[in-house]
Amino acid sequence: MSSRLSTHSVTCFPQELERQYSPSRWSLRMSADDVIRAHVAALKSGTEKARAVTQTLIDVPYGDGDREKLDVYLPSSPSPDLPLVIYLHGGYWQFLSKDESGFLAPPLVQKGVVVVAVGYSTAPTGNMDLMVSQVRRSVACVIQQYSHISGLYLCGHSAGAHLAAMVLSTDWSEYDVSPQIKGALLVSGVYDLQPILSTYVNEPLKMTGEVALRNSPSHFLSQLKVSSTSCDIIVAVAQNDSPEFRKQSEEYFKALESAGLAVSLEDVPDTDHFSVIEQLADEHYSLTQLLLKMMGKS
């Protein structure tokens, strides 16, 4: 469904802002600590399964840094119509890695889609400027290595949705490539970084206001319109995301829509910040089906 969300304006005091940007505290399934443990376990086991049942290329370098590596999940019988999805993981820019990012591959690979999970330097080793630069370089590398694909698509969750939106807003003139990104699935993302400056999330990131501004996708709509004008964008959010997370998605959707871009808003029922992405491992899940439909593979 693409109807607008029923979000309420949230005026947050520091303590409330911390709560709003603590996704684990909004899950109705289990306690905050338990939902994070279960999330990591689901992503790890899903990725182990994906590596067992698909042909893979692990640790393909896209740069010289330790984390600048890709995992590639390949269909067993490549066809001329070969879409490729780049997945950017969540973890609040400070945990998780590509090693837990293959869980979504089986239902996509089964339909003839290449899946690429991207590693990047999470904080405190990496900072926001570096992470944004890394994911942009990873996309440029994929385009150069897989020039025969029929279409390039992005999928990102939480921090990864933020990074995917920054990729869509790239001025590619300095990268010697011009990726034609056909579609993007942005799941429960943060598109304006300024509200998190005063929260625990920023402690390892150490962002200044200037850094947050230049890495906020909501401030680069004009560049996105130039770079990704023909991209179909789905902004998805969990029913049980916090009001602030839901507001981030709704406001970004409205801004994209106002800019004349092809965008829809998906309010995913009976999900929280974690299950909304974990279920991409299921071929029957609504977002899996939307992603396949976007690529003409449903």
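Predicted model: local features only at pLDDT ≥ 70, side-chain atom pairs only at ≥ 80, totals over all residues.
## Strands around E2

Start with strand E2, which covers residues 69-74. Five of its six residues are buried, so the rest of the structure largely encloses E2.

E2 has partners to look for. Strand E1 (residues 55-61) runs antiparallel to E2, and five bridges join them. Here Thr56 stands opposite Tyr73 of E2. Strand E4 (residues 114-118) also runs antiparallel to E2, joined by four bridges. In that pairing, Leu70 has Val118 of E4 as its bridge partner. In a regular strand, side chains alternate between the two faces of the sheet.

## Nonpolar cores

The largest nonpolar core holds 66 residues. Two of them, Ile86 and Trp93, touch the most other members.

Leaving out residues up to four places away in sequence, Ile86 touches Val116, Val118, Val139, Val142, Leu152, Tyr153, Leu154 and Cys155. One of these contacts, Val118, is also the bridge partner of Leu70. Another core, of 32 residues, lies apart from the largest one. Its members include Leu104, Ala238, Leu287 and Leu291.

## Asn202 in helix H6

Helix H6 spans residues 202-205, and Asn202 belongs to it. Is Asn202 buried or exposed? Its relative accessible area is 8%. The cut-off for buried is under 20%, so Asn202 counts as buried.

Which residues does Asn202 touch, not counting residues up to four places away in sequence? They are Ile196, Leu197 and Met207.

## The cavity

How many cavities of 30 Å³ or more does the whole structure contain? The search finds one. The largest cavity has a volume of about 50 Å³.

Its lining can be traced residue by residue. His39, Leu43, Tyr87, His89, Gly90 and Leu96 take part. So do Ser97, Glu100, Ser101, Phe103, His157 and Ile277. By class, the cavity lining has five nonpolar residues, six polar residues and one charged residue.

Methods. Residues numbered from 1 in each chain as written. Heavy atoms only, no water. Buried < 20%, exposed > 50% of the residue type's maximum accessible area, 1.4 Å probe, protein only. Helix = DSSP H or I, 4+ residues; strand = E, 2+ residues; numbered from the N terminus. Pairing = 2+ DSSP bridges. Core = buried A, V, L, I, M, F, W, Y, C linked by side-chain atoms within 4.5 Å. Contact = heavy atoms within 4.5 Å. 1 Å grid on protein atoms, 1.4 Å probe; cavity = no way out; pocket = protein on both sides within 12 Å on 5 of 7 lines; lining within 4 Å. Points joined across faces, edges and corners; volume = space filled by probe spheres on them. Nonpolar A, V, L, I, M, F, W, Y, C, P; charged D, E, K, R; others polar.
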